[in-house]
Each structure stands twice: as structure tokens, then as C-alpha cells.
Amino acid sequence: MSGHSKWSTIKRKKGKADAARGKVFTRLIRELTVAARNGGGDPTANPRLRTAIDNARANNMPNANIERAIKKGTGDIPGETIEEITYEGYAAGGVALLIETVTDNRNRTTSEVRHILTKMGGRMGEVGSVAYLFSQKGLIEVEKKEGISEDDVMMIALDAGADDVSDEGDSWEITTEPSAVAGVTEALKEAGITPENAEVVKLPASTVPLDRDAAGKVLRLVEALEDNDDVHRVSANFDIPDEILEELSS
């Protein structure tokens, strides 16, 4: 698992990411709207929308909110224009950043992202400067529990179209092609295994090792970016030892 994926997992389990339900719903609604706009409102034919719906329901979003967000994306309900913008940048130690945003105001978001980067010791990169370091993959996390074996998870996931299953200590990480996330997730659920998280992410081809000092700077920058309302996801290629990650997340 990449360092940033493990950091995201730690934060999610400790409840530090998106603690306020209002912020969770805002981001989920924007993802539903953009997914519907780009791929249509039928989740059976739009894997990204299907995954967004699953995540919204996992966060107890009312069906009425989900349906409204989808109709807004398909144009059935007029409203603000929401667009996706991805920014590229650098953090301490030469760490590459992909900052995915969903916004109704491009100028505002650009200004705020640039300000956070500058304030926290990072910098904005040119278009294409770091994007080539990342590939889009489905990422499904299954928490280890009594009665669920690695062989069970591997057999179900691979038969459903997953690329790989890896042991990450207290969970198994399943990687897939983006279009296979929904199918693999559904196969696991049908077998009585409910994933803790399932999403499409950007995974780095290689990572940059960081010491304690650089790790602190990078994680503070990533957290500041993720705290911005317009930022949907931050992907980074840092590699931080587990003991340092645990220390910095406590």
C-alpha cells in the first residue's frame, strides 16, 4: 500500500477525516452530481455513480438527497454548474501531489489551493508535471474479522475481476480497474463480506521516502488541503514508516 493510502486509512478509522457530517454530505453530493453528469444517471451503466451511491448510503445519506444530486447532474433539476479540476503540485521532500477538486467557482478554488500550498511549504506545478506518476485504480478495503480468511477474500475478489489482493496488517487491500470496483464490492457483499471502504483513487507508480521532519510537513499540508471544502481528494507519493505515521496521527 502506498504511504498516502495508509495515512487515509488511519485517519478514517480515527474519525479525523471529514468529522462534520455536513462536510461529508457536501462532498458526497458533489461526487454524485459530477458522476451523473459525466456518465449518466443509471448506476448499472455508470460504475462511478454506483460507487458514489454506495458511499453515500454507507454514510447514511437520505435517498431523497441522493436522488436530487443525481437529477442535478443529469440536468433534470437546474442549478449551479459544478466542474472537476485537478491541480498538480509539490510538497516537502519532492513529494508529488494530485489535488482533485469539485467546485462551482474555478477562480476561488484555484486561489485557495495555491494559497494553501504556498503557506504550508508546497508549490503549484505545471499541468502534466506530476500526473504521469499516478494511475487510476479501484481500491477496496476489507477489515480482518473472525470467520473471514484471506483465501476467501482473494478467491471472491479475483473471480469478480480484481487485479490483486494484499495483506495490510489489520485489513486486506484489493486493487481493481476503476470499472470493476462496483462488481467486486457487490460480489464481496453477496458472500457476506462488507468492505470498509471502496473508491476509485490515484495510486503512484513509485514513492518518495520521508524522514520524521519531512513527514510532518507533508502531512500537515495534505490535511490543510483536505480540509478545504472544494477539495475532493489529495493523492501523494510519499512513503512514511508505519511507526512515524502512527505517531503523527495520534
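Helices and strands are DSSP runs numbered from the N terminus, a helix being a run of H or I with at least four residues and a strand a run of E with at least two. The model is predicted.

The cavity comes first. A search of the whole structure finds one cavity of 30 Å³ or more. The volume of the largest cavity is about 40 Å³. Its lining is made of Thr26, Arg27, Arg30, Val102, Asp229, Asp230, Val231 and His232. Helix H2 (21-39) gives three residues to this lining, the largest share. Strand S9 (231-236), like H2, supplies at least two of the lining residues. By class, the lining of the largest cavity holds four charged, two polar and two nonpolar residues. Among the charged ones are Arg27 and Asp229.

Two packed helices are described by the angle between their axes and the distance between the axes.

Helix H3 (residues 47-58) packs with helix H4 (residues 63-74). Their axes come within 10 Å and cross at roughly 155°. Angles over 145 degrees count as roughly antiparallel, so H3 is roughly antiparallel to H4. The H3 and H4 crossing is right-handed. On the H3 side, the contact involves Leu49, Ile53, Ala56 and Arg57. On the H4 side, Asn63, Ile66 and Ile70 take part. The contact of H3 with H4 comprises five nonpolar residues, one polar and one charged.

Helix H5 (residues 106-119) meets helix H8 (residues 212-226). The two axes cross at roughly 160° and come within 10 Å. H5 is therefore roughly antiparallel to H8. The crossing of H5 past H8 is right-handed. H5 contributes Val113, Ile116 and Leu117 to the contact, and H8 contributes Leu221, Ala224 and Leu225. Six nonpolar residues make up the contact of H5 with H8, with no polar and no charged residues.

H8 also packs with helix H9 (residues 242-249). Here the angle is about 50°, and the axes lie 11 Å apart. H8 and H9 are therefore oblique to each other. H8 passes H9 in a right-handed crossing. Arg212, Ala215, Gly216 and Leu219 of H8 meet Ile244, Leu245, Glu247 and Leu248 of H9. By class, the contact of H8 with H9 has five nonpolar residues, one polar and two charged.

Notes:
Residues numbered from 1 in each chain as written. Predicted model: local features only at pLDDT ≥ 70, side-chain atom pairs only at ≥ 80, totals over all residues. Heavy atoms only, no water. Axes fitted to C-alpha atoms, helices over the stretch in contact; angles between N-to-C directions. Parallel < 35°, antiparallel > 145°, perpendicular 65-115°, else oblique. Left-handed = near helix turned anticlockwise from the far one by under 90°. Contact = heavy atoms within 4.5 Å. 1 Å grid on protein atoms, 1.4 Å probe; cavity = no way out; pocket = protein on both sides within 12 Å on 5 of 7 lines; lining within 4 Å. Points joined across faces, edges and corners; volume = space filled by probe spheres on them.
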